[in-house]
Amino acid sequence: MDTREIDTPHLDALAARGLRFNHYTTHPICSPARAALLTGRNAHAVETGWVANNHAGFPGYSGALPLDAATLAETLRAQGYTTVMVGKWHNTPGYLTRPSSPKDSWPSQRGFDYFYGFLGGETNFFFPARLMLGNALLPIDEYPDGYYTT
């Protein structure tokens, strides 16, 4: 096993100027981990203490990122950057992932200029169900041989 450190000159330069992220709490499941990384806040503080489609009925567990919890993508977009999200989102409660649902918790409304992926937590990567491009459900009946979502 290779135990050498990976050179990260740009991150090292930011750290040398005082920008350090050293209070991250890991979350062993997908929605809270994504919520914490996207917002820079504790997952419970942004209503995602558990998977997005399993609202436990307690504070901190609604599964929907509050609109006042800016995502990194929203912050970058406000500074003129283009942002892209690819793959699994899983930060919107299941009942809000239908095409007719309000879309304020979808990637394109949370700062991502482009989104290609799926909103839910599980799918087949070789034949993904409900594959999205932006806010549109892609009408795909068949994928080419060897297709893989990512």
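Mentor: Quick ground rule before we look at this predicted model: buried means under 20% relative accessible area, exposed means over 50%, and partly exposed is what falls in between.

Trainee: Okay, so why does Glu74 count as partly exposed?

Mentor: Glu74 has 22% relative accessibility. That value falls between 20% and 50%, so partly exposed is the label.

Trainee: And what makes Arg110 buried?

Mentor: Its relative accessible area is 1%, and the cut-off for buried is under 20%, so Arg110 is buried.

Trainee: Why is the contact of Arg110 with Glu74 called a salt bridge?

Mentor: The closest N and O atoms are 3.1 Å apart. The definition asks for a side-chain nitrogen of Lys or Arg within 4 Å of a carboxyl oxygen of Asp or Glu, so this pair qualifies. Arg110 sits in the loop between strand 1 (84-88) and strand 2 (114-118), with Glu74 in helix 3 (residues 72-78), so the bridge ties together parts 36 residues apart in sequence.

Trainee: What makes Asp113 and Arg77 a salt bridge?

Mentor: Their N to O distance is 3.1 Å, and the limit is 4 Å, so they pass. Asp113 belongs to the loop between strand 1 and strand 2 and Arg77 to helix 3, so parts 36 residues apart in sequence are tied together here.

Trainee: Which label do Asp113 and Arg77 get, buried or partly exposed?

Mentor: Asp113 has a relative accessible area of 32%, and Arg77 has 32%. Both values lie between 20% and 50%, so each residue is partly exposed.

Trainee: How many salt bridges does the structure hold?

Mentor: It holds 2.

Conventions
Residues numbered from 1 in each chain as written. Predicted model: local features only at pLDDT ≥ 70, side-chain atom pairs only at ≥ 80, totals over all residues. Heavy atoms only, no water. Helix = DSSP H or I, 4+ residues; strand = E, 2+ residues; numbered from the N terminus. Buried < 20%, exposed > 50% of the residue type's maximum accessible area, 1.4 Å probe, protein only.
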